[in-house]
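Me: I am learning how charged side chains pair up in a protein. Could you walk me through an example?

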Amino acid sequence: QWQLVESGGGLVQPGGSLRLSCAASGLTFDYTHVGWFRQAPGKEREGVACISSNDISTDYADSVKGRFTISRDNGGASLYLQMNSLKPEDTAIYYCARSPQIFGRAQCTWNQKTYPYWGQGTQVTVSS
């Protein structure tokens, strides 16, 4: 049985940093698009960052460009989101997501239907 488990969330002051992790069991992230999404209170879930299945491209929401970095390890079982210069508007539940295996040069996408595998989320609160 597969599972994605996020960790690393918490309360941080504006300007601070957090590193989110997503651990996979029962499956790996090899040859899959992977992404981080977030949902703030009263808002729809939105894409934050993603990596294509062949690792040749990443994409970031405009609101996090230059502050967040997505990465995954070569072992294929962990995904990360380094978040720097955090702002109160970054407050949300953060989810990791995985697509089915995709071979080729397709870029990752914000279309959430692409990602059938989701974690339960980790809360990030940015507040003084």
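This is a predicted model: local features need pLDDT of at least 70, side-chain atom pairs count only at pLDDT 80 or more; totals for chains, interfaces and linings use all residues.

Me: Why is the contact between E46 and R38 called a salt bridge?

Reply: The N to O distance between their side chains is 2.8 Å. The rule asks for a Lys or Arg nitrogen within 4 Å of an Asp or Glu carboxyl oxygen, so the pair qualifies. By this rule, the count comes to five salt bridges.

Me: How do you know whether R38 is buried or exposed?

Reply: R38 has a relative accessibility of 5%. Buried means under 20%, so R38 counts as buried.

Me: And what makes E46 partly exposed?

Reply: E46 has 36% relative accessibility.

Me: Which parts of the chain does the salt bridge of D55 and R72 tie together?

Reply: These two side chains meet at 2.8 Å, N to O. D55 lies in the loop between β5 and β6, while R72 is in strand β7, so the pair ties together parts that are 17 residues apart in sequence.

Me: What about R67 and D90: where do they sit?

Reply: Their side chains form a salt bridge, again with 2.8 Å from N to O. R67 is in the loop between β6 and β7, and D90 is in the loop between β8 and β9, 23 residues apart.

Me: Why is D90 called buried?

Reply: Its relative accessible area is 1%, and the cut-off is under 20%, so D90 is buried.

Me: Which residues are joined into one network?

Reply: R38, E46, R67 and D90 are, through salt bridges that share partners.

Methods
Residues are numbered from 1 along each chain as its sequence is written. Side-chain values use heavy atoms; hydrogens and water are left out. Buried means under 20% relative accessible area, exposed over 50%, partly exposed in between (1.4 Å probe, protein chains only). Helices (H or I, at least four residues) and strands (E, at least two) are DSSP runs, numbered from the N terminus.
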